[in-house]
Amino acid sequence: MKKHKLTFLATSILMGLIPLLVAAVTISTVAIYKTKSNLEERVYLQLQACAISVREYFEWDINEDILEVDEVSLDFIDSLKVQDVDLTLFIEDVRFITSIYNENGERNVGTKAADGIWALVKQGKDYRTNGTIIGGKEYYVYYTPVSNESGEIIGMAFAGMPESLVKENIMSNTMSMVLVAVCTAAFCIVIIVLIGLSIRKSIIGIADYTHELSAGRLGNDSSCTSNIREISALIDSAENLHDNLKNIISKVDDKTIQLNQNVKTIHDGIQISNDATEGIMRAANELSDGSMHIAEAVQNTAVSMQNVGESISSIAESAVEAEAGAREIEVINNEAKDNLFQLINANKNTVTISENVVTGINEANTAIENIRKAADAITNIAGQTSMLALNASIEAARAGEAGRGFAVVASSIQTLAGESNDSAKEIQDIINEIILKSQNNVQLANEIKDAIDSEGDALASVSDSFDKVSDKIQITVDTIHNISTESDVLNQDKGKVLDEMSSLSSISEANTASCQETTASIEELRKNIEMINIQATDTDNISEELKESVAYFKL
């Protein structure tokens, strides 16, 4: 339940009235007390003067011993009755002459003073008090000693005033003071109310103005004014708050629009990065597949080279055998005339060996052709790898700082692709050289075959053309020797090719590892992009909330 609250006007009246009333009551109380004290003191002073005048009036009569109650003395005693002052002359403590009358209407002479008064005055002291009952009335009284010519105190001079008159005078003064205090308080209340109304008007204006601000309406300017410095400062502060709120809301609106544009740009950049990342991952997968194909091609090439090596070994063995056979032919040639039948058989063997040589060389050519195709495949794969590495470098450059690591990997892949291409070209050169030498061997084998055929044709006339056969045999021996030499060279080239195949296999494995690292880096990049996307979405939500909050204020 909402508590009832005081208004500013009531509060200001209470704030002014309570101290005013406290001050008025305090001042009035003090003033009444002081007034009463002053009036009583003035009464005592007046009574003192009157008592002294009585003493002095009768002092000559006492000294001349002619003191008596006569008309002149009574006139003097009654002279102050108009001022409500009663006079009495005491002889010791007995009233000798007095202006006070008793209840019977007679002068109150012959009566004694109250107990203890004469004992005190006889010591030469004055005595004053109030509330003394004389003739049935309460009096303010003043007693002073009366002495004779010798200085002996023989009586008392008395002056008294009815207490009711003094109290009436005190009450009249008190009422006057109270009336003045009430009028002053009423006047002050009116002043306080007028000032409170003026302040209230300014405060209500400030309250209405700040209520407009709290309601979000910033389009109205303040019309409040005040002559009070603090309230004027409060009005200035409210106006400054209004101006600052307008500036802040305007800036927040502008920044919110800019923030929305930035968030949209971030989302677009994230989408582009996602597309680029997917392209890079596809390129990396293709590169990995290419590396796998390279590894398979290298393995196939190694198998083919192994077959080439075996064929070359067979050629070398055949060449050795052919050379030995040629040497034997040379020996048999010396005995040809006597061993013609043996020569014919040797000729058949030579024809068989020659056919085997031709067959082996043809098989070697086929294997070498397979190596060439494998080398072509390596070259193509190296070209594709280089192209993929170039594309990956371009995508990494688009990714900016986040793609720097991937750019290094792409550069390494491109370098490896270049090395693979160079190795493939070296293999091509070696294969071309092998093919060239193999063609020479085929040509030599064909020549051997032709020579053997010629030898067969010439067997019938072996006696006549023996010298020619000897020359041909020498040529055959030299040719076979050359075949053996070339076979050794082919064996050495085979070792180099196998070494290159091993290097190419290592390169292929490195490419595969690089592709895996690249895929892992791209996956991490994708996660970072997703995180940036989430943060951008949160930023967009915050921007919308800020926009909704600022929309509460109307410029």
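This report describes the fold, the sheet, the aromatic pairs and a few single residues of one protein model.

## Basis of the model

This is a predicted model: local features need pLDDT of at least 70, side-chain atom pairs count only at pLDDT 80 or more, and totals for chains, interfaces and linings use all residues. Residues are numbered from 1 along each chain as its sequence is written, and side-chain values use heavy atoms, with hydrogens and water left out.

## Overall make-up

The protein has 8 helices and 5 strands. Helices here are DSSP runs of H or I with at least four residues, strands are runs of E with at least two, and both are numbered from the N terminus. Along the sequence the pattern reads α-α-β-β-α-β-β-β-α-α-α-α-α.

Of the 555 residues, 37% are buried. Buried means under 20% relative accessible area, exposed means over 50%, and partly exposed lies in between (1.4 Å probe, protein chains only). The accessible surface comes to about 31,800 Å². Carbon and sulfur atoms hold 54% of that surface. These areas come from the Shrake-Rupley method with a 1.4 Å probe; for residues, only the protein chains shown count as cover.

The 5 strands form an open sheet in the order 2-1-5-4-3, with antiparallel pairing. Strand 2 (94-98) and strand 3 (127-134) stand at the edges. Each has a single partner strand, so one side of each is left without a neighbour in the sheet. From one strand to the next, the twist averages 35°. Two strands count as paired if DSSP finds at least two bridges between them. Strands of a sheet pair through backbone hydrogen bonds, either parallel or antiparallel.

Strand 1 (residues 86-91) and strand 5 (residues 153-162) run antiparallel and are joined by 6 bridges. Within this pairing, Thr 88 stands opposite Phe 158 in strand 5.

Thr 132 counts as buried because its relative accessibility is 13%. Leaving aside neighbours within four places in sequence, Thr 132 is in contact with Lys 137, Glu 138, Tyr 139 and Val 141.

## Helices against the sheet

Helix 2 (residues 71-78) lies across strand 1 and strand 2, at about 90° to strand 2. Helix 4 (residues 163-214) lies across strand 3, strand 4 (137-147) and strand 5, at about 45° to strand 5. Axes are lines fitted to C-alpha atoms, for helices over the stretch in contact, and angles run from 0 to 180 degrees between N-to-C directions.

Helix 4 has 52 residues and reaches 71 Å from its first C-alpha to its last. That is close to the 76 Å expected at 1.5 Å a residue. The expected span is 1.5 Å times one less than the number of residues. Just after helix 4, Gly 216 takes a positive phi of about 90°.

## Aromatic pairs

The structure holds 8 aromatic pairs. Rings of Phe, Tyr and Trp (its six-membered ring) pair if their centres lie within 6.5 Å; planes under 30 degrees apart count as stacked, over 60 as edge-to-face and the rest as tilted. The rings of Phe 90 and Tyr 143 have centres 5.8 Å apart and planes at 50°, so this pair is tilted. Phe 90 in strand 1 and Tyr 143 in strand 4 are 53 residues apart, so the pair links distant parts of the chain. Phe 90 counts as buried at 1% relative accessibility. Tyr 143 is buried too, at 1%.

Phe 90 also pairs with Phe 158, with centres 6.3 Å apart and planes at 80°, so this pair is edge-to-face. Phe 90 lies in strand 1 and Phe 158 in strand 5, so the pair ties together parts 68 residues apart in sequence. Phe 158 is buried, as is Phe 90. Phe 90, Tyr 127, Tyr 143 and Phe 158 form one aromatic cluster.

## Positive phi in loops

Asp 65 is not a glycine, yet has a positive phi of about 60°. Asp 65 lies in the loop between helix 1 (8-64) and helix 2. Its relative accessibility is 69%, so Asp 65 counts as exposed.

Glu 92, another residue other than glycine, has a positive phi near 55°. Glu 92 is found in the loop between strand 1 and strand 2. With a relative accessible area of 46%, Glu 92 is partly exposed.

Conventions: Contact means heavy atoms within 4.5 Å.
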